[in-house]
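Please look over the model before reading on.

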Amino acid sequence: MKFRPCIDLHAGQVKQIVGSTLSDDKANALTSTSSAVSTENFSTDKPASDYALMYRTDELTGGHVIMLGAGNASAAKSALGAYEGGLQVGGG
């Protein structure tokens, strides 16, 4: 089994969110199904590019950047630029 690195972005910030707490609202932004805030497993102030550089340094290939809703394009582009050819992007 091969580890595939992942960077999840929500509102431009690297986060890991409990998937069952997300739903699309009419403005195409992600919100919780029970409140205005999704349940987070992890969040950080480090930019996505820091994680991309770490993955590049550790020679981890086949990774992806997932944009969970709007407001993530800049952070996703910074990650892709930090590890050119090493990450794919999805979501939006």
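How are α1 and α2 oriented to each other: roughly parallel or roughly antiparallel? They are roughly parallel (an angle under 35 degrees; over 145 would be roughly antiparallel). This is a predicted model: local features need pLDDT of at least 70, side-chain atom pairs count only at pLDDT 80 or more, and totals for chains, interfaces and linings use all residues. Residues are numbered from 1 along each chain as its sequence is written, and side-chain values use heavy atoms, with hydrogens and water left out.

**Helix pair**
- Helix α1 spans residues 48–57 and helix α2 spans residues 73–82. Helices here are DSSP runs (H or I, at least four residues), and strands are E runs of at least two.
- The angle is about 20°, and the axes lie 8 Å apart.
- α1 passes α2 in a right-handed crossing.
- On α1, the contact (heavy atoms within 4.5 Å) uses A48, S49, A52, L53 and R56. On α2, A75, S78, A79 and A82 take part.
- By class, these contact residues are 6 nonpolar, 2 polar and 1 charged.

**Buried side of α1**
- A48, S49, Y51, A52 and Y55 of α1 are buried (under 20% relative accessible area).
- These residues sit on the same side of α1, because their arc around the axis is only 160°.
- Their packing partners are β1 (6–10), β2 (13–17), β5 (40–43), α2 and β7 (87–91).
- E59 follows α1 and has a positive phi, near 55°.

**Loop residue T39**
- T39 lies in the loop between β4 (30–32) and β5.
- T39 and Q16 are 23 residues apart along the chain, with 8.8 Å between their C-alpha atoms.

Terms used:
Axes fitted to C-alpha atoms, helices over the stretch in contact; angles between N-to-C directions. Parallel < 35°, antiparallel > 145°, perpendicular 65-115°, else oblique. Left-handed = near helix turned anticlockwise from the far one by under 90°. Nonpolar A, V, L, I, M, F, W, Y, C, P; charged D, E, K, R; others polar. Buried < 20%, exposed > 50% of the residue type's maximum accessible area, 1.4 Å probe, protein only. Arc of directions from axis to C-beta.
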